[in-house]
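Have a look first, then read on.

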Amino acid sequence: MAAELLRVTDLHAFYGESHILHGVDFKVHAGEVVILLGRNGSGRTTTLKAIIGLVGSRSGSVMINGREAIGLPPHRIARLGIGYCPEERGIYASLTAQENLLLPPPVGSGGMSIDEIYTMFPNLRDRGATPGTRLSGGEQQMLAVARILRTGAKLLLLDEISEGLAPVIVQVLSRTIHALREKGYTIVMVEQNFRFALPLADRFYVMEHGQIVDHFAASELEGRRAALNVRLGV
Amino acid sequence: MTQVFGVPVAVILGQLMLGLVNGAFYALLSLGLAVIFGLMGVVNFAHGAFYTLGAFAALLGLKWFGVNYWAALVLAPLTVGALGIVSERLLLRHVYKLEPLYGLLLTFGLALVVEGTLREGFGATGESYPVPRALQGAVNLGFMILPIYRAWVILASLVICGTTWFLIERTRLGATLRSATENAPLLQAFGVNVPLLMAATYGGGVALAALAGVLAAPVVLVTPLMGNSLVTVVFAVVVIGGMGSILGSVVSGLALGIIEGFTKVVYPEASNVIVFVIMAVVLIVRPAGLFGKE
């Protein structure tokens with residue numbers, strides 16, 4: 001088994017008075033693609049945010065590459081080699097597409113070159129001077145993924161990257177995830193789109209009410225489908 | 001002689017030129033205010049006090065250490081900027097998460113402390129700062145005799161504003177600043193040290209105010225309250241330009257200086273209030289300011 005890259009233990013997260021995560025436990029090995037499943041409001045997005053430090057307050061343990069990150073500010077956590085793509089994409093309107101792409105500073109060695117990124121996302125190549133939010137939804141999503149590949153981050157946290165996109169764009173993203181996996185990236189994804197998620201993942205965790213309630217490997221999926229459909233309300 | 005509204009053209013042009021000098025100071029000060037507000041959401045009421053400190057730094061530097069004007073142009077903003085960073089780290093950073101009112105009250109208090117300290121130490125009457133030798137004298141523009149120093153103020157202010165605009169709109173550092181204005185938490189999640197960026201921005205903004213103070217020292221009396229009278233107008237300028245808009249603060253700073261100068265010719269009684277009348281109209285017609293985002 002590959003080394004453990006991320007271990008989350010008894011993670012609690014709060015926004016002001018609301019207690020969102022109630023002791024989340026899971027782990028991710030280097031090179032794995034892990035998907036968090038669950039209904040809306042089950043705490044999957046908050047889990048990603050809590051890992052990178054974007055919640056009001058948090059407790060428990062987040063070990064990244066053997067380093068405890070629970071007490072670190074977000075910029076120090078990112079520099080442990082994490083790339084974060086938020087659900088709302090977070091493309092900056094006051095920056096051009098090119099500026100958006102170049103914005104995140106390096107957090108590790110061996111990030112992709114601009115050329116590699118444009119080969120992966122040809123649609124972005126001629127859009128450099130366009131203001132970030134003038135791009136189409138699909139282009140914005142590709143840009144949001146592309147800009148964290150430049151930084152040398154080895155652990156990617158991707159929140160609902162297929163949401164609301166045309167099938168042809170979803171295919172591009174699907175190929176991207178496959179390619180990233182080939183390159184040895186470690187990926188934690190939150191996904192609603194089952195058909196997009198299933199062929200990509202090594203393992204699944206299922207969340208409910210701010211906790212992990214189930215987990216299984218991709219190979220075990222078929223036998224659990226019926227139960228899972230009930231749980232997720234698909 | 002040619003006249004417009006019964007006023008000689010030469011007089012009008014002269015007042016417009018003086019208005020442009022005032023506008024240059026408005027632009028420099030509102031620029032720093034706009035950058036600080038845009039990034040930190042803080043209405044920096046201490047801005048006038050840092051402008052005053054810049055002028056005092058130049059004056060005391062000259063009196064105590066023989067620091068000349070040109071060195072003061074560099075050293076005063078650096079010193080005052082460092083002071084700004086210290087006050088940001090010690091005080092201001094604690095109020096970011098609270099309502100904007102707290103930042104306003106805190107910086108207002110800071111301004112009072114600075115003014116009070118200067119008044120205690122140096123009295124309220126003030127001193128004049130000599131015009132540097134290379135900038136003494138005047139040129140005859142035909143319609144007016146323009147002191148060279150005032151021409152220098154306009155030129156320097158345009159260069160400084162232009163440089164700041166370029167830095168923010170056209171460089172990597174500027175892109176980082178702009179993105180912090182839009183969504184700072186995400187920027188920090190990308191690995192940018194946002195707290196450091198904020199401290200540096202505050203330092204940079206007040207350094208601009210101090211630079212304006214040094215530029216102003218030879219043309220106004222250096223007194224503890226020199227910033228106080230100016231900052232009220234500058235706030236009106238920022239509101240007219242649009243809170244947080246860099247281009248807006250520069251353009252409306254210069255424009256309002258000119259409009260003020262023009263008002264002095266056609267209806268001098270209104271010249272002190274014209275800026276505020278314009279502010280009121282802008283607030284009614286376009287609450288986000290002329291260059292602000294709705």
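The buried residues of helix 3 of chain B pack against helix 2 (47–65), helix 4 (100–122) and helix 7 (194–216) of chain B. Contact here is a C-beta criterion: two residues touch if those atoms, placed from the backbone, lie within 7 Å. Helices and strands are DSSP runs, numbered from the N terminus (H or I, at least four residues, for helices; E, at least two, for strands).

Keep in mind that this is a predicted model, with local features needing pLDDT of at least 70, side-chain atom pairs counting only at pLDDT 80 or more, and totals for chains, interfaces and linings using all residues. Residues are numbered from 1 along each chain as its sequence is written, while chains are lettered from A and ligands numbered from 1 in the order in which they are written.

**Helix 3 of chain B**
- The buried residues of this helix include B:Tyr69, B:Ala72, B:Pro77, B:Gly84 and B:Glu88; buried means 20 or more other C-beta atoms within 10 Å of the residue's own, against 12 or fewer for exposed and partly exposed in between, with C-beta atoms placed from the backbone.
- There's a kink of about 25° at B:Leu75, shortly before the proline B:Pro77; the bend is the angle between axes fitted to the seven residues ending at a position and the seven starting there.
- At 1.5 Å a residue, the 22 residues of helix 3 (residues 69–90) should span 32 Å, and the end C-alpha atoms are 31 Å apart, which agrees. That expected span is 1.5 Å times one less than the number of residues.

**Chain B overall**
- Chain B has ten helices and four strands, and along the sequence they follow the pattern β-β-α-α-α-α-β-β-α-α-α-α-α-α.
- A compact globule of 294 residues would have a radius of gyration near 19 Å, and chain B has 19 Å, which agrees. The radius is taken over C-alpha atoms, and the globule rule is 2.2 Å times the number of residues to the power 0.38.
- Its C-alpha atoms fill a box of roughly 65 × 50 × 35 Å along the principal axes.
- Buried residues make up 48% of the 294 residues in chain B.
- Among contacts in chain B with a separation of 6 or more, 77% come from residues 24 or more positions apart.

**B:Pro218**
- This proline lies in the loop between helix 7 and helix 8 (226–241) of chain B.
- B:Pro218 counts as buried because it has 22 C-beta neighbours inside 10 Å.
- Leaving aside neighbours within four places in sequence, B:Pro218 is in contact with B:Tyr129, B:Pro130, B:Val131 and B:Tyr149.

**The sheet in chain A**
- Chain A has an open sheet of four strands in the order 2-1-4-5, with antiparallel pairing; strands pair if DSSP finds at least two bridges between them.
- Strand 2 (18–29) and strand 5 (67–68) stand at the edges, each with a single partner strand, so one side of each is left without a neighbour in the sheet.
- Strand 1 (residues 4–15) and strand 2 of chain A pair over nine bridges, with A:Tyr15 opposite A:Ser18.
- The hairpin of those strands has two residues between them, and A:Gly16 takes a positive phi near 55° there.

**Where the chains meet**
- 19 residues of chain A are in contact with 16 residues of chain B.
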